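Q: I'd like to learn how to read helix packing in a model. Could you walk me through it?

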Amino acid sequence: APEAARKCVVDLLLEAELPEGAILHNTMQVLGAGHDTTATSLAMLLWHLASDQKLQDTIRSEVAQSDGTALLHACTREVLRLWPASPLIV
């Protein structure tokens, strides 16, 4: 979508002409959900990395040599596949 057409959640709530309390409540729900899912996913990634010293060493070497972070990205995607955040929070 073009930049001009993009709207944030608060803009959409304001357009719906909801009461101020409902806008505040819904905004806090979205912020809380984003925080919880990010924290849970990061915790699971760190847990997996902590359990595999060889993987840690390989990632550390990759980053130190400025070869990029392909393995770290792959590990992140795998953790998100194995442990989707939403079911862990509920």
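A: Happy to. Helix 3 (residues 53-64) and helix 4 (residues 70-82) pack with their axes 8 Å apart, at an angle of about 135 degrees. This is a predicted model, where local features need pLDDT of at least 70, side-chain atom pairs count only at pLDDT 80 or more, and totals for chains, interfaces and linings use all residues. Residues are numbered from 1 along each chain as its sequence is written, and side-chain values use heavy atoms, leaving out hydrogens and water.

Q: Which word describes how helix 3 and helix 4 lie to each other?

A: Angles under 35 degrees count as roughly parallel, over 145 as roughly antiparallel, 65 to 115 as roughly perpendicular and the rest as oblique. Helix 3 and helix 4 are therefore oblique to each other. In their contact (heavy atoms within 4.5 Å), helix 3 contributes Leu55, Thr58, Ile59 and Glu62, and helix 4 contributes Ala70, Leu71, Leu72 and Cys75. By class, that contact has 6 nonpolar, 1 polar and 1 charged residues.

Q: At what angle do helix 2 and helix 4 pack?

A: About 115 degrees, with the axes of helix 2 and helix 4 9 Å apart. Ser41, Met44, Leu45, His48 and Leu49 of helix 2 meet Leu72, Cys75, Thr76, Val79 and Leu80 of helix 4. The residues of this contact divide into 7 nonpolar, 3 polar and no charged.

Q: Which residues of helix 2 are buried?

A: Buried means under 20% relative accessible area (1.4 Å probe, protein chains only). In helix 2 these are Ile23, Thr27, Thr40, Ser41, Met44, Leu45 and Leu49.

Methods: Buried < 20%, exposed > 50% of the residue type's maximum accessible area, 1.4 Å probe, protein only. Helix = DSSP H or I, 4+ residues; strand = E, 2+ residues; numbered from the N terminus. Axes fitted to C-alpha atoms, helices over the stretch in contact; angles between N-to-C directions. Nonpolar A, V, L, I, M, F, W, Y, C, P; charged D, E, K, R; others polar.
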